[in-house]
Amino acid sequence: MKQSRSLCFSGLVLLLTCALSSPGRTEALDELIFTHQFGGSGAAPGLFDDPLTLAVDHDNRIIIADRYNHRLQICSMDGQCSVYGSRGDEPGLFNYPGGVAVDSQNRILISEHGNGRVQICSLEGTCEYLADELGEPRQFDHPLDVAAGSNGRIIVTEEYHGGFHICSQRAECTSYSGPSDAFITVDQQDRLLLMTGDRLWICDYDGSCFWALGQFDDPGLLSSATDVTTDSSGRIFIADTGHRRIQICDETGICHAFDLHRASPQLMWWPAGVGLTNDGHLIVSDREGDRIHVYKLIQFEGPAIPVNAAINDAWYDPSTPGQGLFFNVYGNVTQSMFVAWFTYDLERPPVSTPFELGDPGHRWLTAQGIFNTYTATLSIYNTTGPVFLDNSIDPTTSPYGQMTVRFQDCSRGTVTFSLPSVNRSGEFPIRRLTNDSMTFCEQLLQ
Amino acid sequence: MNTTWEDILGDQGIGWGYISSRLWYAGEEIWFTLGEPSEGEPQTISLLIRETEESPEEVVAEAEFPGTVSYTFESHRIIDEVGVFVDWRGSGLAPEATLLDVGCASTGEPKPFPINLGVNDAWYVPDMPGHGVLLTVYPSIEKVFLALFTFDTTRPEDTVTGILGDPAQRWLTAFGTYSVNSAQLAIDLTVGGVFLESDPRPEWLPGGEMKLQLDHCNHITLDYDIPSINRAGVLELERVAPDRIELCEQLSATSEE
């Protein structure tokens, strides 16, 4: 859209000042976009009681250790769950299942804290113990987590103990000393990643380890971190449980934190289990809320700044005078945004159109939804029905489209919209009407 | 201005020595007097405030027991709970058992709430769904920009159609200067545009006047007068969500200083 003029609203001509620049981060940025959640507290299928860890299999099924229900649940992305097992000490039954993993054959590995064993299950629910040639189960002391390594190796960590055990399929195990009380995963380079609450250790199969992540200050500060997973590009995803956030780190210690507490309609309390699907979704379990949250993992080119309270303002596209948007950012309960968009119909109404107030071409839409770090993902609504300042006719508010909003800096943003019913979609730049809130915005970013 | 316990509470309840959600004006004093206990060994009386449901309790004043503990608010604040507690060496105390007196006094007329950036928000009339007011304040130039999302005065005939939204939708903007807690605004009727197009270029026509008064950080009185439709009236506005009340109160207190 051409930048024809820098004026928007009558009466404000003299108020516009040059847009100050407070550039956001300019590199390719990760973003977690909340898409949906499922679960809740209980024992019925689809409900959970302390979903401690999870894994995602090769077909994007989510396997969840439903710890205090003493079972596994295998769920589809849309939250349809099947229950596997119940409390017991036979194969296929579980006693405080803690860690889950998926091996190269798409089998499920489960560590049982209560029974002190590891089970290997098919998706159909047929299970066997990790056992020696005589069928004697290998006993562990309160196993905490399990991972699938190369060549069929199974790695087990224990609570209250340092180190880890590397076992063959026949339960021939070699034990190594090392970090204690660790959750574990295996990365693309076949290295062992051990998370011990405030530090991430990277170990080899020979037991040598080094402290890779867990800084003394942000970014990278970890608190009671639980599960960890990695992607094909080497990024490490950590459930930073105590901080109620996810950290995405590279090996050099550069981390970006994503606060999840208020980034969904049902608050995230204790992010614990993490898993990645092969179509770019991050699955996170909430131990306290007993829910599974699903986020779309995207990358986009910066610059961008985090959405913040100083976004509350009147914004407009300089190329379309007489139209604009008001943004309202809320964060006390959930990270939510409300937008009021005042605009016009797609075509001018006939001159003969009768009206009393304003312009028969006037239109306004509202939008609301969740914002994550950099991106607000909103549903657009159309409100119809009432007349001027009259409460005798109830309005009807209907879904009307989608909108996303990002801000390049404290004075510039981009709105992307889709209005399917009128076959319109697009993107337009926005600027603040004036820069009074710029300083406040910059203070918040600091 | 002395007030009785009932005056303070109004229709609100008291639970365990607490006064629930209330606006406290700058200069207003609250006190609790507690008498001899029937048992135990109390040491101090504490006056507590909890700003919001999620805030921690904060001890703002202490006094020896028996006696009176009091606190004077330095700025306008909406406080979720103001209460009294006696340290009873861990045994606890139901304060109503020994509460002899409670009251509040204001040092003269309540001070106005200065308009500030914390007013930037979505506002509405609770019993008028489907309408809304969006406000933006520009402190550097002491201006207020307002948008009213509403509808035409009558529903259009069925023959009147449109492509986007509802043919009855209307919006007004208003702009003007504020001083302390009130603003005088000129209404603009922006006419002639097309959805996200620069052409045709809209025109701005004078549409009437509005007077806005910030009564406190969650209440605005908006007088409007729109001669073209021969309509005038008053809207009592509240915020759609309370998130920015605290910021408004902080900035209001700052501007008082």
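Modeller: A:Cys167 and A:Cys173 are joined by a disulfide, with 2.0 Å from S to S. The model is a predicted one.

Colleague: What makes the link of A:Cys167 and A:Cys173 a disulfide?

Modeller: A disulfide is counted when two cysteine sulfur atoms lie within 2.5 Å. The sulfur atoms of A:Cys167 and A:Cys173 are 2.0 Å apart, so the pair qualifies. In general, a disulfide is a covalent bond between the sulfur atoms of two cysteines. The angle about the S-S bond of A:Cys167 and A:Cys173 is 110 degrees, and the link is right-handed.

Colleague: Why is A:Cys167 called buried, and why is A:Cys173 called partly exposed?

Modeller: Buried means under 20% relative accessible area, and exposed means over 50%. A:Cys167 has 1%, so A:Cys167 is buried. A:Cys173 has 22%, which lies in between, so A:Cys173 is partly exposed.

Colleague: How many disulfides are there over all chains?

Modeller: The count is seven. When the bonded cysteines of chain A are numbered in sequence order, they pair as 1-2, 3-4, 5-6, 7-8, 9-10, 11-12.

Colleague: How do you know that B:Cys217 and B:Cys248 form a disulfide, and why is it left-handed?

Modeller: The sulfur atoms of B:Cys217 and B:Cys248 are 2.1 Å apart, and the limit is 2.5 Å, so the pair counts. The torsion about their S-S bond is about -75 degrees, and therefore this disulfide is left-handed. B:Cys217 sits in the loop between strand 14 and strand 15 of chain B, while B:Cys248 sits in helix 2 of chain B, so the bond ties together parts 31 residues apart in sequence. B:Cys217 and B:Cys248 are both buried.

Colleague: What can be said of A:Cys410 and A:Cys441?

Modeller: A:Cys410 and A:Cys441 form a disulfide with their sulfur atoms 2.0 Å apart. With -80 degrees about the S-S bond, this link is left-handed. The pair links distant parts of the chain: A:Cys410 is in the loop between strand 30 and strand 31 of chain A, and A:Cys441 is in helix 1 of chain A, 31 residues apart. A:Cys410 and A:Cys441 are both buried.

Colleague: Why are strand 30 and strand 31 of chain A said to pair?

Modeller: Pairing requires at least two bridges between two strands. Strand 30 and strand 31 of chain A have six, so they pair, in the antiparallel sense. One of the bridges has A:Val405 with A:Val415 as its partner in strand 31 of chain A. Strand 30 and strand 31 of chain A form a hairpin, with four residues between them. Strand 30 of chain A is also joined to strand 29 of chain A, by ten bridges, and these two run antiparallel. There A:Ser379 stands opposite A:Gln402 in strand 30 of chain A.

Colleague: What makes strand 2 and strand 5 of chain A the edge strands of their sheet?

Modeller: The sheet is open, with four strands in the order 2-3-4-5 of chain A and antiparallel pairing. Strand 2 and strand 5 of chain A each pair on one side only, and they are the edge strands. Neighbouring strands of this sheet are turned against each other by 25 degrees on average, direction ignored. Strand 4 and strand 5 of chain A pair over four bridges. A:Gln73 stands opposite A:Val83 in strand 5 of chain A.

Colleague: Which residues touch the most other members of the largest nonpolar core?

Modeller: That core has 38 residues, and B:Ile115, B:Val119, B:Leu135, B:Val144, B:Leu146, B:Met210 and B:Leu212 touch the most other members. Elements giving two or more residues include strand 10, strand 14 and helix 2 of chain B. Strand 13 of chain B gives the largest share, five residues. A second, separate core has 37 residues, among them A:Trp341 and A:Cys441.

Colleague: What does B:Val144 touch?

Modeller: Leaving out residues up to four places away in sequence, B:Val144 touches residues including B:Ile115, B:Phe175, B:Leu185 and B:Leu212.

Colleague: How many residues does each chain bring to the contact of chain A and chain B?

Modeller: Chain A brings 70 residues and chain B brings 66 residues. Together chain A and chain B bury about 6400 Å², 63% of it on carbon and sulfur atoms. A:Trp364, A:Phe388 and A:Leu389 supply 13% of the area that chain A buries against chain B, more than any other three residues.

Methods
Residues are numbered from 1 along each chain as its sequence is written. Chains are lettered from A and ligands numbered from 1 in the order in which they are written. This is a predicted model: local features need pLDDT of at least 70, side-chain atom pairs count only at pLDDT 80 or more; totals for chains, interfaces and linings use all residues. Side-chain values use heavy atoms; hydrogens and water are left out. A nonpolar core is a set of buried Ala, Val, Leu, Ile, Met, Phe, Trp, Tyr and Cys residues joined through side-chain atoms within 4.5 Å. Buried means under 20% relative accessible area, exposed over 50%, partly exposed in between (1.4 Å probe, protein chains only). Contact means heavy atoms within 4.5 Å. Axes are lines fitted to C-alpha atoms, for helices over the stretch in contact, and angles run from 0 to 180 degrees between N-to-C directions. Buried area is the accessible area (1.4 Å probe) that two parts lose on being put together, summed over both.
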